[in-house]
Amino acid sequence: MGGSGTLISVYPEELTFLFELEKPCYCNLKVVNNSEHHVAFKVKTTSPRKYFVRPNASIVQPWDSCTITITLQAQKEFPPDMQCKDKFLIQSTKVPASTDMDEIPPDTFNKETDKVIEEMKLKVVYTLPSGGSDDSSVSSLGSRSFKGASDDLTMLKNASIEEIQTIQRLKEERDNMLQQNQQMQRELDVLRRRRSRKGDAGFSLTFAAFAGLIGVLVGLLMSLIFSSPPADA
């Protein structure tokens, strides 16, 4: 699982996340080009809604390397026995030197008779923070998580249909704004890379300010949702 191939090597050979409830967890993955060719790679996972991968596809120049940051979205409960069945797949193949890393053709990783696609599979491992690996800590945290869920259920039972619909609508708007914010962050990264290749040190302040404003609005919306419980029916 993982390790070295003809085109690329991947370090580490398994993805280890320091698991904490209701907090995002991060893991870096290094992809090394072992060849004299330009190599494109793409990252896939069995649980795309749980993980945010940046970049999820790119091109590594000959004998160069690239670092991938994988984010495990905040989880509300511990997995059974702290075991994770999620898997990651990294595909790689040679591409022409003229290929733009920001505009990789969609058929690059299609398996054809005259194209070699290497694949590496990586498993996911969850670990607990120092001092929290014993069963009593897991049980205590699990109990607090269950209590919080019970309180939420009681609050929803006491709420009216209109209030429940309002909460659901606000949560959907929050999720949409988070997705838009992540999309804008990816577009900012693309602009930075393009401008750095052209030797242009300037940056669009208007675009950056707009992205910052989106972040502030997301924060305010999340604060509104979770700090103001609905009134009793």
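Keep in mind as you go that the model is predicted. Met82 sits in the loop between E8 and E9. Show its surroundings and, setting aside neighbours within four places in sequence, you will find Phe19, Tyr126, Thr127 and Leu128 in contact with it. Draw a C-alpha to C-alpha distance from Met82 to Leu128: the two are 8.7 Å apart in space and 46 residues apart in sequence.

Is Asp81 buried or exposed? Asp81 counts as exposed, at 69% relative accessibility. Check its backbone too: phi is positive, about 55°, although Asp81 is not a glycine.

**The whole chain**

Zoom out and colour by secondary structure. The chain has 3 helices and 10 strands, and from the N terminus on the order is β-β-β-β-β-β-β-β-β-β-α-α-α. Of its 233 residues, 32% count as buried. Among contacts between residues at least 6 apart in sequence, 72% join residues at least 24 apart.

Next, colour by pLDDT. The chain averages 78, and 68% of the residues score at least 70. Select residues 136-143, where the pLDDT is below 50; this stretch has 8 contacts in the model beyond near neighbours in sequence. Then try residues 145-149, also below 50, with 3 such contacts. Where pLDDT is low, the predicted coordinates should not be read in detail.

**Into the core**

Select Leu15, Phe17, Tyr51, Ile70, Phe88 and Tyr126: these have the most contacts inside the largest nonpolar core, a set of 31 residues. Strands that each supply at least two residues of this core include E2 (8-11), E3 (15-18), E4 (25-33) and E10 (118-127). Apart from this core lies another, of 5 residues, among them Ala40, Ile59, Val95 and Ile104.

Go back to Leu15 and show its contacts. Beyond neighbours within four places in sequence, Leu15 meets Cys27, Leu29, Ile70, Phe88, Leu122, Lys123, Val124 and Val125.

Thr71 is the next stop, in strand E8. Thr71 is buried, with a relative accessible area of 10%. Not counting residues up to four places away in sequence, Thr71 touches Pro24, Cys25, Tyr26, Lys50, Tyr51 and Phe52.

**Backbone details**

Most residues other than glycine have a negative phi, and most peptide bonds are trans. Here are some exceptions to click on. Glu22, in the loop between E3 and E4, has a positive phi of about 60° and is not a glycine. Glu22 is exposed, with a relative accessible area of 60%.

For a cis peptide bond, pick Tyr11 to Pro12, with omega near -5°; Pro12 is in the loop between E2 and E3. The bond from Arg54 to Pro55 is cis as well, with omega near -10°. Pro55 belongs to the loop between E6 and strand E7 (57-60).

Technical notes. Residues numbered from 1 in each chain as written. Predicted model: local features only at pLDDT ≥ 70, side-chain atom pairs only at ≥ 80, totals over all residues. Heavy atoms only, no water. Core = buried A, V, L, I, M, F, W, Y, C linked by side-chain atoms within 4.5 Å. Buried < 20%, exposed > 50% of the residue type's maximum accessible area, 1.4 Å probe, protein only. Helix = DSSP H or I, 4+ residues; strand = E, 2+ residues; numbered from the N terminus. Contact = heavy atoms within 4.5 Å. pLDDT = per-residue confidence, 0-100.
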